[in-house]
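Subject: Structure handover

Hello,

Here is the structure I promised to pass on. Please open it first, then read the notes below.

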Amino acid sequence: MNSVFTAFLLTLIAGLATGIGSFIAFFAKKTNTRFLCLSLGFSAGVMIYVSMIEIFQQANKSLVIALGEKIGSIVNVIAFFCGIFIIAIIDKLVPSEENPHEIKKIEDINEDKINKNKSLLRTGVFTAIAITIHNFPEGLATFVSALNDVSLAIPITIAIAIHNIPEGISVSVPIYYATGDKKKAFLYSFLSGMSEPIGAIIGYTLLRNIINDVTLGILLSSVAGIMVFISLDELLPTARKYGEHHISIYGLIAGMAVMAISLIMFI
């Protein structure tokens, strides 16, 4: 029960990071692109390294124990790409103009707010809906990782939280400039972030009675696939759009290095 509570708490913390994005949107006059690029790159580095080096390997061990070396390895690879396929389908179903990957700059929306209130409100609301759908598998990823190994889940939580900050900006900025209501903008951003712990609860409720070496291995490998796809399709391309490509790569390397050091320390 304590492990379940800890897993839920970490998932909740990751989801609440969208609120941080809201506060940044309310008080910042200009987007700090260098900081966001570094942060997004760092987050991608953590996710990619921990997915390929640790989570995928742990999933393979569980499946090999349960199914044998050849079958277990095959199932592990299939589950990994199924995770990629699931998050890719979710991503594909979201219209590009409301896609949470299309991060908005604070100053760009501020310039257009006078004549585009209705359009901005629609953008903010649909972005919130898109992020809500998009965050369900992320919540499950954080939760499953925490159930398996809390020390492994902490850096994942930090990485997903960093990734959620610009998403919070994407929701709250257009709604705030369309309505002038900070409370409404924060509420939409907050609710979109809460889809992560909700996704964790739904996933755990459906799967808790069938958790064994096979299902845990499949879940872990799928989680690895989800996080790799998010990193390659969302975090790094978003950082590049901000025009600070090299900084995002430095962040990527730093994220991998920090993750590598932390894993060695827990050996």
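Start with helix H7 (residues 182–193): Phe 186 and Phe 190 are four residues apart there, so about one helical turn separates them. Helices here are DSSP runs of H or I with at least four residues, numbered from the N terminus.

A word on the source. This is a predicted model, in which local features need pLDDT of at least 70 and side-chain atom pairs count only at pLDDT 80 or more, while totals for chains, interfaces and linings use all residues. Residues are numbered from 1 along each chain as its sequence is written, and side-chain values use heavy atoms, with hydrogens and water left out.

**Aromatic pairs**

The whole structure holds three aromatic pairs. Rings of Phe, Tyr and Trp (its six-membered ring) pair if their centres lie within 6.5 Å; planes under 30 degrees apart are stacked, over 60 edge-to-face, and the rest tilted. Phe 56 and Phe 80 pair edge-to-face, at 5.5 Å centre to centre and 85° between the planes. This pair links distant parts of the chain: Phe 56 sits in helix H2 (residues 33–67) and Phe 80 in helix H3 (residues 69–93), 24 residues apart. Both Phe 56 and Phe 80 are buried. The Phe 186 and Phe 190 pair is stacked, because the ring centres are 6.2 Å apart and the planes lie at 20°.

The cut-offs: buried is under 20% relative accessible area, exposed is over 50%, and partly exposed is in between (1.4 Å probe, protein chains only).

**Nonpolar cores**

A nonpolar core is a set of buried Ala, Val, Leu, Ile, Met, Phe, Trp, Tyr and Cys residues joined through side-chain atoms within 4.5 Å. The largest one has 37 residues, and Met 47, Val 50, Ile 55 and Met 227 have the most contacts inside it. H9 gives the largest share of this core, 13 residues. Leaving aside neighbours within four places in sequence, Val 50 is in contact (heavy atoms within 4.5 Å) with Ile 55, Leu 152, Ile 156, Met 227 and Met 259.

**Helix H9**

H9 covers residues 213–241 and has 29 residues. Where does H9 bend? The bend is at Ser 231, by about 35°; the angle is between axes fitted to the seven residues ending there and the seven starting there.

Best wishes

Definitions and conventions: Helix = DSSP H or I, 4+ residues; strand = E, 2+ residues; numbered from the N terminus. Expected span 1.5 Å × (residues − 1).
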